[in-house]
Amino acid sequence: RTKKSQDEIDLLKYINQATVEAHITTMKKLYQNFVVNKKKLIERDVENYFVSYIRNKLKSRNHPYDHICGCGPNGSTLHYVNNDQELKDGQLILMDMGGLAAGYVSDVTSTVPVNGQFTEKQKQIYDIVLNANLEVQNNAKPGVKWTDMHLLAERIIITGLRNYGLLSSSYTVDEMLNNRVAYYFMPHGLGHLMGIDTHDAGGYLSFTPVRSKEKGLSSLRTARYLEPNMVLSDEPGIYFIPYLLEQAFKDEKISKYFVVDKIKEYYDFGGVRIEDDILITDDGCVNLTEGLPRTTEEIEATMAES
């Protein structure tokens, strides 16, 4: 199950492209109804835009997991599924929604501004996450340990937050990386094997690298060395989770790394996650969700097309 046949790869490509179309449709309908038609919307309305498209495209009544549509602070809850809060102007909405067909799945996350326009603060955090996402795709290939890809994403996140003044410039990125500072902004693993299940089998077996006990790394669903025809999600994120950050502020060992007053300005921010599904090839990887608007400029342009 960890390595896919050509038939399985073709099916996963089809499902992922349908998911891309559904995310794009959702972005456009969100803008049309919230901005143009000035409708009051709840998160579940946005979920329904996606569900309607994916059911028509894949002829599937079921979903691979409970969809996550979290606006504003709800975007910082990793498995938020209530999807019942009203959207407010100026918020981001994190949309983790996939498709299921013939027993195979996609797992894709987009984060977009409710009103179609990123604020400068939102752009800064979003671009850090996008950089991490793309650098993983640039470096994922056979022989690379998935743990090292997680650490690469963490390094980019720490560097970005340090550049924008949320982490102290008095300490090196390496020191903060080694002291697991990134965990407090990305408490989940970088990604997971997928195919028949959203979190597919084979992550930790008797002959594979063992699960780390370190913060953040312990959340990785696999630490395997990548092999051709593996399919994994690539989903770095930055979340502002007050109760988790407060733990860091009180920890004498690591509190010095955090610029507390600056971070508290983001307590109502929520989170950004950018999730693609990647196929490991003989010499690198390909993005199965190619075509999904990812830069802030692409997202704003796509939403305004409606």
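Student: Which residues are linked with Arg1 in a network of salt bridges?

Tutor: The model is a predicted one. In it, Arg1 belongs to a network of salt bridges. The residues linked with Arg1 are Asp197 and Asp200.

Student: How many salt bridges does the structure hold?

Tutor: A pair counts when a side-chain nitrogen of Lys or Arg lies within 4 Å of a carboxyl oxygen of Asp or Glu. The total for the structure is 14.

Student: How many residues apart are Lys28 and Glu305, which meet in a salt bridge?

Tutor: The side chains of Lys28 and Glu305 meet with an N to O distance of 3.0 Å. This pair links distant parts of the chain, as Lys28 sits in helix H1 (residues 6-36) and Glu305 in the segment after helix H8 (296-304).

Student: Is Glu305 buried or exposed?

Tutor: The cut-off for an exposed residue is over 50% relative accessible area. Glu305 has 55%, so Glu305 counts as exposed.

Student: What is the relative accessibility of Arg224, which forms a salt bridge with Glu227?

Tutor: In this pair, the closest N and O atoms are 3.6 Å apart. Glu227 is partly exposed, at 26%. Arg224 counts as buried, with a relative accessibility of 8%.

Technical notes. Residues numbered from 1 in each chain as written. Predicted model: local features only at pLDDT ≥ 70, side-chain atom pairs only at ≥ 80, totals over all residues. Heavy atoms only, no water. Helix = DSSP H or I, 4+ residues; strand = E, 2+ residues; numbered from the N terminus. Buried < 20%, exposed > 50% of the residue type's maximum accessible area, 1.4 Å probe, protein only.
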